[in-house]
Amino acid sequence: MKRIFSGIQPSGGVTLGNYLGAIRNWARLQHEGFHCIYCMVDLHAVTVWQEPALLADQTRQVTAALVASGIDPKVSVVFHQSAVPAHAQLAWIFNCVVRLGWMNRMAQFKEKAGKDREKASLGLYAYPALQAADVLLYHATHVPVGEDQKQHVELMRDIGNKFNHDFGVDFFPPPEAMIFGGATRVMSLRDATKKMSKSDPSDMSRINMTDDADAIALKIRKAKTDPEPLPGPDVVGPDGGVKPDVEAARPEAFNLVRIFATLADRPVADVLGEFEGQGFGRFKPALADLAIDKLGAINAEMRRLLDDPAEIDRVLADGAEKARGIADPILAETYRIVGFLKA
Ligand code: AQP
């Protein structure tokens, strides 16, 4: 059976980047022959400081975004990670399998830890081993991720292979990364060298899935661009993306074009064909109208769900029970393979 596992951190409100790069595709995969497991990865979120008074609500908010975007908790398993202790238990075993040299190569730690690595938490460093546990705990075969996470999926395969090799078993199947087309990396509206992120200190850098029409229009109007008109479709390369040298000269401009194309489910070349020669005075209002149109229904459904937190908690509790049903036997077999005495 093809099984998908993917996670999202409840480290803030959900952004348009999370939606276009992940959640929207997760909803589609439910209808493409996969058994889908979607997890609010709160154990990952606390690798950097999370305000205890906010974390539970952030977890509900992310859950509401998934459900409002079409992820059906009756079809898919939707739960929060801390409700299934086997994640942390398998992660410990993997901490003992993974080599320090492998972890030292992980680009995301370097990015997230910043200059002062000595002050980063041990959890942030070990994050990819917990991620490997998340996926391998369900014997997931496919992991839909953004471009930035490809390296971590490679590491999951290496950890699973090393476990199998060390213990002489064929227990953990190697998962495959699924990278989607379109806006796989939505960049900040204020600085296109950074990705759009929940935890960016500037709220103007991102569109939140809870933003109303006025906020969306304002953020797009204020998004950083340039005075040049948009070029035509000839700047698009054979892979469907803007040619790298052209992109590098105007990263903010092409970030907005890609957001438009992905929201509209149209190729970038098609969008440039429509707006060729026009400036951002024309393009931005069109993008704002499109974003408001596409996000409006999700936004309204999220608000409805968030009005009833007890219902969201019930969804998560049901999901956790289903998740434990799959994970616990796999953890028990892992413990047996490792040689732990039965509890
Ligand atoms: N800007 C983005 N463009 C495309 N995809 C994105 N994802 C996140 N940001 C973008 C994808 O969303 C999924 C869930 O991500 P996450 O919450 O686990 O962690 P993250 O990638 O670190 O997301 P944030 O919003 O930037 O969170 P913080 O600020 O807490 O670090 C992943 O599949 C991710 O690729």
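User: Which of the 19 residues around the ligand come nearest?

Analyst: The model is predicted. A residue belongs to the surroundings of a molecule if one of its heavy atoms lies within 4 Å of it. Here 19 residues are around the ligand, and Ser11, Lys195, Ser197, Lys198 and Ser199 come nearest.

User: How do the residues of that shell divide into nonpolar, polar and charged?

Analyst: The shell around the ligand holds ten polar, five charged and four nonpolar residues.

User: What is 2.5 Å from an oxygen atom of the ligand?

Analyst: A polar contact is a pair of N or O atoms within 3.5 Å. In this model, an N or O atom in the side chain of Lys195 is 2.5 Å from a ligand oxygen atom. Backbone atoms take part too: a polar one of Val186 is 2.7 Å from a nitrogen atom of the ligand, and a polar one of Met196 is 2.9 Å from a ligand nitrogen atom.

User: How much of the ligand does the protein bury?

Analyst: The ligand taken alone exposes 640 Å², and the protein buries 95% of that. The space that the ligand takes is the largest pocket.

User: What radius of gyration would a compact globule with 343 residues have?

Analyst: It would be near 20 Å; the chain has 21 Å, which agrees. The C-alpha trace spans about 70 × 45 × 40 Å along its principal axes.

Note on methods:
Residues numbered from 1 in each chain as written. Predicted model: local features only at pLDDT ≥ 70, side-chain atom pairs only at ≥ 80, totals over all residues. Heavy atoms only, no water. Polar contact = N/O pair within 3.5 Å; in protein donor to acceptor, adjacent residues only side chain to side chain. Areas by Shrake-Rupley, 256 points an atom, 1.4 Å probe, with all protein chains shown as cover. 1 Å grid on protein atoms, 1.4 Å probe; cavity = no way out; pocket = protein on both sides within 12 Å on 5 of 7 lines; lining within 4 Å. Sits in = over half its atoms within 2 Å of the grid points. Nonpolar A, V, L, I, M, F, W, Y, C, P; charged D, E, K, R; others polar. Rg over C-alpha atoms; globule rule 2.2 N^0.38 Å.
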